[in-house]
Amino acid sequence: MSWGTELWDQFDNLEKHTQWGIDILEKYIKFVKERTEIELNYAKQLRNLSKKYQPKKNSKEEEEYKYTACKAFLSTLNEMNDYAGQHEVISENMTSQITVDLMRYVQELKQERKSNFHDGRKAQQHIETCWKQLESSKRRFERDCKEADRAQQYFEKMDADINVTKADVEKARQQAQIRHQMAEDSKADYSSTLQRFNQEQWEYYHTHIPNIFQKIQEMEERRIVRIGESMKTYAEVDRQVIPIIGKCLDGIVKAAESINQKNDSQLVVEAYKSGFEPPGDIEFEDYTQPMKRTVSDNSLSSAKEGKPELKFGGKSRGKLWPFIKKNKLSLKLGATPEDFSNLPPEQRRKKLQQKVDDLNKEIQKETDQRDAITKMKDVYLKNPQMGDPASLDHKLTEVTQNIEKLRLETQKFEAWLAEVEGRLPARSEQARRQSGMYDGQTHQAVTNCAQDRESPDGSYTEEQSQERELKVLATDFDDEFDDEEPLPAIGTCKALYTFEGQNEGTISVTEGEMLSVIEEDKGDGWTRIRRSEDEEGYVPTSYVEVYLDKNAKGS
C-alpha cells in the first residue's frame, strides 16, 4: 500500500491532508499549552478544556476523528474528565517535555512538507512543458506536410504547363524537394518528441510522483507516530505526580499505542482514491499518407489525385491530462448534488451507503416510536381513566406518514446505490427480498392507516375512521378483559424518591414506601404498581426499586 501508486492523481487532496495533519498537531500543541494553564485551576478547568476540544457532532471535524491518532487524542480528552486535584508541577513538566519539543518539530515538518510539494509542482511543470513541446512539434509537422503537398502540386502543375520554361519547372521541383525534406525532418522531430514525451510521462507517473508521494507518506506517518509519542509523554507526566489516577493514564497510553500509521494511511487511500487509471501512451498520427508519390517522378498526373484530406486535430488534441488545470473539479463546497454524482465512483458508493444506513436508522426510530404510541393507546383503551385514546391518533398518523416518507427516500438512495455498485443478480434478489419484507411491514401499517381514513366510496371520513378503529380495538381487547378481576401482583417495589402523580393514570408514592408490582416496565419507562385493591397506577421506573417474584415472572 503506497500513496504513490494508489493516490497518483490526488496531489491537491494530499496537500490539503498534510496541511490538516499539521493543523491537528498544532491543535494538540495548543491543547497542551492550555492544559498547562488550566492545571493551575485544577479539576474544574480541566473538564472545561476537555469539553472545548471535543469534536462538534454532525460536522466535518467529527469525520476527521476516524484516524487513529485523532481517536487517541479524543480518548485523551475523555480521560481528562476524571482528573481532579492536579499539581502545579504537571504544568512545568508538560511545557518543557511536550510543548517546546513539538513546536520545534512543527517548524521542521512545515519545511519538509514545503520542499516535497515544491518538488511535486516542479515535476508537474516539467511534464506540462513536455506536453507543450509535443503539441508544438505536432503542429509544425502538420504545417510542413501541408506546405510540402502544396509545393508538390505546384510542381506538377508547372510540369504540365508547356508554356513554362524548364528553369521555372526545375525551380518548382527544387522547392518541392526542399518542402518534402522539411516535412520529413518535422516528422522525425515529431516522432522523437512523442517518444520522449511518452517516456517522460511514464517516468512522471511511475517514478517521480511515486517517489515524491512516498516521501510525503513517510513524513505523514512520522507525524502520526510523533503525536502518539507526545501523548505517551503527556500521560507519563501525570503518572509521576498523581499515581491515584493511574488507571486514567493507562487508558491514555493504550489510546496512544493504538495509533497505527499504516491504518491512517489506508484511511487516506479510502477517503481520496478515485478509482481511475493513469492515461496510456499517445498514438502516432501520420500526416504523410498523401505524400506517397516520388518527388522525382516526371509523369504528368492529375493534380486532383494527390490532394490530401488532412484532419485538423486528432484525438489527443481534446484530451485533458490530470496535471492540466482544466481537469480539476469546479464544484464548490456546499453545491453537492443529492445523489453525490460529483464524487468518484468509490467515494460516491460510500456516501450513498452511509445515507441508506442513516435512513434505515431513522425508520427504525420512527417505528419504535409508533409501537410505543400504539402501546400507550392500548393502555388508554384498557384503562380510560388514564387518558383519552383519541388524543394519540394525530401523533400516530404523523409518525406513520414520516415512516412512509423515509421509506420512499431510502428506496431512492438504494436505487442510486444499486446503479453505482452494479449489483449481481443473486445479491440483487437477496436485497430485494429483504427490502420487500421491510417495505411490506411498513406498507401494511401505512395502508391500514389510509384505509381507516377512507369511506367505501373513496371519500375521507374522519368519524367513520375513528369509529371503525375503536371497534377493532375494542374487539381485540374484549377478549383480554372478559374477567374484571384485578391483575395479580408479580412482585414488590420500594419507592426510592417521592413522586407526585398529578396526571391521569399515575399514582403518588412516598420515599421508602413498599408497594405491589402488577406490571413491569415494557420499555416505555413506566411501572404499574398497586397500593391497595382500589388504588393503582403508573410511576417512573427510575423512582422505584423493583423486586420481581421469580415464579410469577417465569409463568
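**Notebook: cores, sheet and salt bridges**

I began at Gly512: beyond its neighbours within four places in sequence, Gly512 is in contact with Lys494 and Ala495 (contact means heavy atoms within 4.5 Å). This is a predicted model, so I note that local features need pLDDT of at least 70, side-chain atom pairs count only at pLDDT 80 or more, and totals for chains, interfaces and linings use all residues. Residues are numbered from 1 along each chain as its sequence is written, and side-chain values use heavy atoms, with hydrogens and water left out.

**Entry 1: around Gly512**

I placed Gly512 in the loop between β1 (491-495) and β2 (514-519). Helices (H or I, at least four residues) and strands (E, at least two) are DSSP runs, numbered from the N terminus. My cut-offs are under 20% relative accessible area for buried, over 50% for exposed, and partly exposed in between, with a 1.4 Å probe and protein chains only. I also checked Thr498, 14 residues from Gly512 along the chain, and found their C-alpha atoms separated by 8.3 Å.

**Entry 2: the whole chain**

I listed 14 helices and five strands in the protein. Of its 555 residues, 37% are buried. Among contacts with a separation of 6 or more, residues 24 or more positions apart account for 75%.

**Entry 3: the sheet**

In which order do the five strands stand in the sheet? I read it as β4-β3-β2-β1-β5, an open sheet with antiparallel pairing. Two strands pair if DSSP finds at least two bridges between them. The edges are β4 (535-540) and β5 (544-548), each with a single partner strand, so one side of each has no neighbour in the sheet. From one strand to the next, the twist averages 40 degrees; axes here are lines fitted to C-alpha atoms (for helices over the stretch in contact), and angles run from 0 to 180 degrees between N-to-C directions.

I then looked at one pair: β3 (residues 526-532) and β4 are joined in the antiparallel sense over six bridges. Within it, Trp526 stands opposite Pro540 in β4.

**Entry 4: the nonpolar cores**

I looked next at nonpolar cores, meaning sets of buried Ala, Val, Leu, Ile, Met, Phe, Trp, Tyr and Cys residues joined through side-chain atoms within 4.5 Å. The largest has 72 residues, and those with the most contacts inside it are Trp3, Tyr28, Phe31, Phe73, Phe213, Met231 and Tyr234. Several helices supply at least two residues each, including α2 (11-38), α6 (88-160) and α7 (166-241). Which helix gives the largest share of this core? It is α7, with 17 residues.

I went back to Trp3 for its surroundings. Leaving aside neighbours within four places in sequence, its contacts include Trp8, Leu14, His17, Phe213, Ile216 and Val269.

**Entry 5: salt bridges**

How many salt bridges does a search of the whole structure find? My tally is 24, with a side-chain nitrogen of Lys or Arg within 4 Å of a carboxyl oxygen of Asp or Glu as the criterion.

The side chains of Arg35 and Asp238 form one, at 3.1 Å from N to O. Arg35 lies in helix α2 and Asp238 in helix α7, so this pair ties together parts 203 residues apart in sequence. Arg35 counts as buried at 0% relative accessibility, and Asp238 counts as buried at 0% as well.

Asp189 and Arg140 form another, with the closest N and O atoms 2.6 Å apart. This pair links helix α7, which holds Asp189, to helix α6, which holds Arg140, across 49 residues. Both partners are partly exposed: Asp189 has a relative accessible area of 31% and Arg140 one of 30%.

I also noted Arg370 and Asp371, whose side chains meet at 3.9 Å, N to O. Arg370 is buried at 15% relative accessible area, while Asp371 is partly exposed at 42%. Elsewhere, salt bridges that share partners join Glu519, Arg528, Arg530 and Glu536 into one network.

**Entry 6: helix α11**

Last, I followed α11 (residues 393-421), a helix of 29 residues. From its first C-alpha to its last it reaches 41 Å, close to the 42 Å expected; the expected span is 1.5 Å times one less than the number of residues. Gly422 follows α11, and its phi is positive, near 60 degrees.
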